[in-house]
Structures are given as structure tokens and as C-alpha cells.
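Hi,

Here is the model I said I would pass on.

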Amino acid sequence: MSLIKLCQNSTKTILFKCTESQGLYISARKLSIVPSIYDGENPAPKFFSSGVQIILKRLTRPNFEKVFRKRTNSNISVLRTPVYKFLTDEELKTEQSNAYKSAERLLQMPPVVKVQEPVDDVLSKDPALVGYDSSTYLFTDITHGVANEHRLIIQREPDGTLRSCDHDVRKKLNQIYFPMQGRKLRDPLVFSDPEKLNSLLERQKYEYILDRACVQYEPDDPQYQKLTSITYQHVDMNNQYDLIRSTRHFGPLAFYLTWHNSIDNLMLELVQTGIIREAVLLMSLRQAIKEDLVNGEESTALVSEILPTRIQLSKPEFVSEEDIQLDTKCMECLDKYINNNSAMKSQQGLALQGFREYYQQLIEISRGLQKAHGNA
Amino acid sequence: MPLPPATGTGRYYAIAAKSIRLIRHGCTNRPFFHISVTHRRRLNSQPVIEQLGSYDPMPNMNNEKLVALNLDRIKHWLGKGAHVSPPVAELLGLSGFFPIHPRSYMTAWRNRRTERENQAKEKAEGSS
């Protein structure tokens with residue numbers, strides 16, 4: 001009997017220890033993420049410049065199977081089976097161009113802009129109104145056809161001051177008089193309670209968080225920038241870029257990492273998975289934003305060659321002679337970058353070496369195949 | 001019963017005098033006002049020409065009273081020579097659209113006076 005008790009006791013202590021260590025682990029992880037917002041230089045001109053936009057869209061690596069997947073069945077009363085059709089080439093082309101258009105709409109990136117500045121303009125002060133009322137009067141101009149950000153919203157305070165409302169009040173009143181679907185008057189618990197947010201992050205529901213934040217906040221809201229910053233950093237720490245790829249949030253993620261000088265993990269992932277061209281695109285993105293690369297011009301020159309090629313969804317299986325030329329250039333460019341500008345020199349160097357060997361084999365196989373088919 | 005549209009359902013006569021006034025909606029012990037334009041000689045219970053805003057006189061949980069004004073349409077009706085009832089003129093005055101209504105100043109100093117008197121009374125009670 002006593003032996004059994006001892007056993008029970010010991011298991012209890014073990015269990016206790018386990019939970020304790022887990023708790024420590026989570027709290028340590030929570031502490032390590034410090035949100036950073038765009039409060040210094042305005043990132044908008046760089047983000048919206050056409051060169052950067054093209055690179056970000058390409059880095060998103062849209063996979064149509066993921067872009068057009070069914071996410072909810074909320075608006076669909078009956079799930080229908082797919083329709084298969086015989087099409088002529090022309091019809092197929094129009095269908096494809098339609099698909100590209102709707103994909104572009106689905107992948108439109110949330111803008112990256114500077115955080116909003118507090119509103120502080122007093123319109124008039126009237127001390128004779130002190131005592132008129134103990135509560136604040138909020139006046140909203142509900143004139144038809146005015147955008148939310150330009151709407152006239154002012155307040156008369158109990159001390160007789162007439163001033164423009166601050167952003168939180170503006171947001172609330174805009175939502176009261178012109179409700180936006182999906183947006184709530186109060187912050188949802190997911191965002192106000194760090195425990196709940198942390199649990200979502202632990203379950204890697206990044207896309208859900210980012211989509212929800214997009215609906216709830218404006219892009220220049222400090223809370224939005226904090227939330228996205230935490231999510232991006234979590235994605236970066238756990239190397240879960242694939243969960244965000246082919247969604248509209250990958251562009252801002254890449255921009256965020258580049259802006260805050262932390263693209264090394266993403267670069268390593270790109271080299272390890274063998275998407276060498278996107279690694280060069282990422283280099284040129286850094287060149288466009290930070291302009292601190294040794295061989296920056298070389299990479300920007302390569303971009304115009306890379307963009308017309310097809311999007312690589314996985315490691316190449318077969319290469320043509322043009323591909324070989326382009327990829328060798330990319331590898332040389334990357335080699336220089338890793339030696340001069342990278343903070344993870346050894347790991348990225350190893351990954352590139354691994355890719356080189358793989359690529360050498362691939363070249364041999366492809367050339368051999370072409371010879372066997374009698375095309376060489 | 002569904003609310004009538006903001007464009008109003010009342011009959012409109014071009015020559016008759018109009019007035020912009022508060023029209024009580026809401027229910028018992030819970031006032032809520034529409035700011036509407038209607039004929040001067042028409043009752044508040046009758047259909048209005050157009051709704052121009054709303055006013056919630058009960059402070060919300062943040063101690064705020066919400067007023068919505070369709071300034072574009074208010075300007076239009078003022079241009080057509082609509083009269084403005086004193087409570088609406090007070091609200092427009094507080095919003096900075098009109099000059100402050102004299103009655104607002106009267107209410108303010110009367111409130112201040114009663115507060116002063118109450119304080120004096122409390123002081124007198126405290127000392128005695």
C-alpha cells in the first residue's frame with residue numbers, strides 16, 4: 001500500500017514539474033516578442049512604389065489552390081460539386097485571365113503606412129459654458145458621401161472647449177453611424193486579452209489573426225501595427241512562412257522583416273527549400289528599401305530577368321538551358337550577399353552549398369534526359 | 001413597425017413655413033429625438049418632410065451624449081428659410097455651427113449659481 005502511495009506521489013511531482021516547465025516556457029516566449037510599429041520614417045512611399053509592389057506580389061508566391069480554397073461555408077447554402085468543361089484554347093485563356101483577376105483582388109495587400117498621430121486641435125474655448133452639462137456632447141456630421149477619415153466629428157466638453165475628437169472616439173462614432181460589416185464597437189477579446197492571443201499564436205492561426213485585425217482596425221491604428229508586428233515576429237521565429245504564403249499578408253510580412261533588418265530567417269528558408277530566384281528577389285527588396293547591399297545593383301538587374309519566368313511552387317525538377325543560366329547568376333549573386341551582408345553567414349552558406357550540389361545533379365539529369373530524347 | 005425613411009413621408013408644400021425641430025421617439029422614460037424638418041403648423045406626431053439627424057439626451061456609459069447632424073441638408077433647409085426651434089438651435093450652437101444660443105449661457109450660469117448655493121448651504125450646515 002505504501003509503495004503505491006509513493007508511486008502516486010512521485011507521479012504527481014513529475015506531473016507538477018512538467019507543467020511548471022511548460023508555464024515558464026510560454027511566459028519566456030511571450031516576453032521575447034516586443035511589438036514594433038512604424039513610428040519613425042513613413043514606410044508608405046517605399047511600400048507603394050511600383051518596384052517594391054511587384055517584388056512583394058511575386059514573393060507571395062500565389063498558389064491558386066490555396067487562394068481559391070473554400071474557407072467557410074457561411075454564405076453557401078449547398079456545397080456544389082466542381083464543374084468540368086471542355087474549352088477551346090481561347091475560352092481557356094479568358095477563363096485563366098478571369099482567374100488571375102479575381103486572384104489579384106483576393107491577394108490585395110493591406111497597406112503599410114505610418115502610425116497615426118494624435119489629433120489635438122481646439123476649435124474654441126468658451127468658459128461661460130462651464131456648468132451647462134456634466135457630460136460631453138459628441139457631434140457627428142452624417143452628410144452623405146463623405147469618407148470615414150474625412151468625416152467631421154467634434155466634441156463639446158463640460159468645460160466649454162470645442163475640439164476635434166481623437167482617433168478612438170472617431171472610430172467608435174464612425175462604427176455607430178456607418179457600421180462596417182464584421183467590425184465590433186469594442187475590441188474583440190482575442191485582441192484585448194494577451195492570453196487568448198497567445199493561445200492563437202501557439203496554435204499558429206496566423207491568417208485568422210491577421211484577417212481579423214484587418215477587419216477590426218485601420219492600417220494606421222497603433223493597435224493594428226502592434227498585433228501584426230507580434231504575429232509577423234511569431235511567424236518568423238517559428239519559420240512558418242508557408243502558412244502565410246499565397247495570402248494577402250505575405251507582402252506586408254516580407255516588408256516588415258526587411259524594414260526591421262531581420263530577413264535572415266526568411267532568406268535561409270528560401271535557400272533551403274531551393275527557391276533561389278525568390279531569394280534574389282528578397283535581396284533586391286532589401287536593396288530597394290534599405291540600400292545597404294554590396295551587390296545591390298546586380299540583384300536589381302536580375303529582377304527584370306526573374307519576373308517573366310514562371311512562379312516556382314517547389315524545388316525545380318527539370319531545368320532548361322535558360323533556367324541554368326539564370327540560376328547560376330542567381331547563385332553567384334546570393335553567394336556575394338551571404339559573404340558580405342548576411343548575419344547568418346555559415347548556415348546560409350551551407351544551405352547554398354547544399355542547393356548547389358542538388359542543382360549540379362539536376363543539370364546532369366536534365367541534360368541526360370534531353371540527350372536520351374534526342375533533343376541535345 | 002418599420003421606421004419611415006430619412007427622406008420623410010410627409011406631404012410637402014413649397015410655400016408653407018417649415019421648422020427644424022426635435023421630434024421625440026424612444027419610449028416611456030427613455031427619450032430619443034430625431035432632428036427633423038416639418039411644416040410649422042404640423043404636429044410632431046405627423047409624418048415629417050425629412051430627417052436631418054438624431055439626438056440622444058441620455059449619457060452613455062462613457063458619459064457622452066451623441067448628436068448626429070446632416071449639415072449638408074440642414075444648410076439646404078436653412079437656405080429655404082426654415083425656422084429652427086430653440087432646442088435645435090442650442091444643439092447647433094454647441095456644435096459650433098451656429099453662435100451659442102443665449103439660453104445655453106443662461107442654463108450654464110443658473111447651474112453654476114445653484115451649485116454655489118448648494119456649496120454654501122453645505123458649508124453652513126458643516127460649521128453649525
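A:Arg286 is buried, with a relative accessible area of 11% (buried means under 20%, exposed over 50%, and partly exposed in between, using a 1.4 Å probe and protein chains only). Its salt-bridge partner is A:Asp292, and the closest N and O atoms are 3.0 Å apart. A:Asp292 itself is partly exposed, at 33%.

Before going further, some housekeeping. This is a predicted model, so local features need pLDDT of at least 70 and side-chain atom pairs count only at pLDDT 80 or more, while totals for chains, interfaces and linings use all residues. Residues are numbered from 1 along each chain as its sequence is written, chains are lettered from A and ligands numbered from 1 in the order in which they are written, and side-chain values use heavy atoms, with hydrogens and water left out.

Back to the salt bridges. Side chains of opposite charge can pair when their charged atoms come close. The rule used here is a side-chain nitrogen of Lys or Arg within 4 Å of a carboxyl oxygen of Asp or Glu. That gives 21 salt bridges over all chains.

One of them joins A:Arg245 to A:Glu269, with 3.2 Å between the closest N and O atoms. A:Arg245 sits in the loop between α11 (241-244) and α12 (250-259) of chain A, and A:Glu269 in helix α13 (residues 264-273) of chain A, so the pair ties together parts that are 24 residues apart in sequence. (Helices are DSSP runs of H or I with at least four residues, strands are runs of E with at least two, and both are numbered from the N terminus.) A:Arg245 is buried, at 4%, and A:Glu269 is buried too, at 11%.

Another salt bridge, 3.0 Å from N to O, brings together the side chains of A:Lys336 and A:Glu298. A:Lys336 belongs to helix α16 (residues 321-340) of chain A and A:Glu298 to helix α15 (residues 296-306) of chain A, so this contact ties together parts 38 residues apart in sequence. Both ends are partly exposed: A:Lys336 has a relative accessible area of 39%, and A:Glu298 has 27%. There is also a network, in which salt bridges with shared partners join A:Asp120, A:Glu157 and A:Arg163.

Now the sheet. How many strands does the open sheet have, and in what order? It has 9, running β1(A)-β4(A)-β3(A)-β2(A)-β4(B)-β3(B)-β2(B)-β1(B)-β5(B), with mixed pairing (two strands pair if DSSP finds at least two bridges between them). The edges are β1 (122-125) of chain A and β5 (83-84) of chain B, each of which pairs on one side only.

Have a look at β2(A), residues 136-141, where 6 of the 6 residues are buried, so the strand is largely enclosed by the rest of the structure. In a regular strand the side chains alternate between the two faces of the sheet. In β2(A) both faces are covered: A:Thr136, A:Leu138 and A:Thr140 are buried on one side, and A:Tyr137, A:Phe139 and A:Asp141 are buried on the other.

What does β2(A) pair with? It runs parallel to strand β4 (residues 64-69) of chain B, joined by 6 bridges, and antiparallel to strand β3 (residues 153-156) of chain A, over 4 bridges. A:Thr140 has B:Ala68 as its bridge partner in β4(B) and stands opposite A:Ile153 in β3(A). A:Leu138 is partnered with A:Gln155 in β3(A).

A:Asn239 has a positive phi of about 55° although it is not a glycine. It lies in the loop between α10 (222-238) and α11 of chain A and is partly exposed, at 40%. B:Asn63 also has a positive phi, near 60°. That residue is in the loop between β3 (50-55) and β4 of chain B and counts as partly exposed, at 34% relative accessibility.

One more thing, about A:Asp89: is it buried or exposed? At 65% relative accessibility, it counts as exposed, and it is found in helix α5 (residues 89-106) of chain A.

Cheers
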